[in-house]
Amino acid sequence: MSTMPPLHTPDLPVGPRLAIDRRMCVAANRWGTRRAVGVFFGIISRLGDGVFWYSLMAVLALIDGRRGLLAATQMAVTGLTALFLYRLLKRWTRRPRPFRACPGVIAHVPPLDEFSFPSGHTLQAVSFTVVALAWYPLLAPLLLTFTTLVGASRVILGLHYPSDVMAATAIGGALGALSLWLLPLRALVG
């Protein structure tokens with residue numbers, strides 16, 4: 001639970017879409033108050049901080065030689081680009097996190113930074129997944145499940161609105177696709 005005081009922000013506009021976003025956020029966050037749910041999604045969130053992805057890159061490089069190293073390198077470059085873009089967007093949008101701006105939402109884990117939009121965890125997870133699946137499609141069940149859980153964790157833990165996660169999914173997908181377009185596999189492997 002967060003002990004951080006709420007931000008003193010000007011009243012945010014509350015249109016129909018924002019109202020639905022807030023209601024979904026409150027409902028998901030309440031679900032996260034169940035101990036087992038909170039612990040599970042806290043672990044997922046922690047793994048999504050980078051532990052899962054760095055471990056995957058290391059395993060690919062160790063197990064699959066040059067191909068694994070190339071895949072890990074492309075994932076790392078895409079991830080660094082995602083990190084730069086995420087930080088830029090956070091500074092530009094400065095959207096307060098739900099636990100600071102939305103009554104009834106609590107943070108079940110401490111946030112890594114101050115602002116909400118977009119979800120950096122989700123943006124990274126989606127961009128890594130797009131690139132990794134282009135190299136290793138058989139990893140789809142593992143990576144798609146984990147990425148979905150990362151996105152859900154951000155809302156359940158009270159750190160993001162659903163719209164933050166949806167936008168990050170679109171941005172991460174586009175970034176992963178751009179990485180594959182700029183560095184096609186056949187050029188790297190061939």
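Helix α5 (residues 120-135) has 16 residues and runs 23 Å from its first C-alpha to its last, close to the 22 Å expected at 1.5 Å a residue. That expected span is 1.5 Å times one less than the number of residues. Of the 16 residues of α5, 14 are buried, so this helix is largely enclosed by the rest of the structure. Buried here means under 20% relative accessible area with a 1.4 Å probe, protein chains only.

A word on the model: it is predicted, so local features need pLDDT of at least 70 and side-chain atom pairs count only at pLDDT 80 or more, while totals for chains, interfaces and linings use all residues. Residues are numbered from 1 along each chain as its sequence is written, and side-chain values use heavy atoms, with hydrogens and water left out.

Zooming out, the protein chain has eight helices and zero strands. These are DSSP runs numbered from the N terminus (helices: H or I, at least four residues; strands: E, at least two). Buried residues account for 46% of the 190 residues in the protein chain. Take the contacts (heavy atoms within 4.5 Å) between residues at least 6 apart in sequence: 80% join residues at least 24 apart.

Now for two helix pairs. Axes are lines fitted to C-alpha atoms over the stretch in contact, and angles run from 0 to 180 degrees between N-to-C directions.

| Pair | Angle | Axes apart |
|---|---|---|
| α3 (residues 65-93) and α7 (residues 162-182) | about 140° | 10 Å |
| α2 (residues 35-63) and α6 | about 130° | 9 Å |

α3 and α7 are therefore oblique to each other, and α2 and α6 are therefore oblique as well. Oblique is what remains after under 35 degrees (roughly parallel), over 145 (roughly antiparallel) and 65 to 115 (roughly perpendicular).

α2 meets α6 through V37, F40, F41, I44, S45, L47, G48, F52, W53 and L56 of α2, and the α6 side includes F146, V150 and R154. By class, this contact has 15 nonpolar, four polar and one charged residue. Nonpolar covers Ala, Val, Leu, Ile, Met, Phe, Trp, Tyr, Cys and Pro; Asp, Glu, Lys and Arg are charged, and the others, Gly among them, are polar.

As for α6 itself (residues 140-156), its 17 residues reach 24 Å from first C-alpha to last, close to the 24 Å expected at 1.5 Å a residue. Its buried residues include L143, F146, V150 and R154. After α6 comes G158, with a positive phi near 80°.

Terms used:
Buried means under 20% relative accessible area, exposed over 50%, partly exposed in between (1.4 Å probe, protein chains only).
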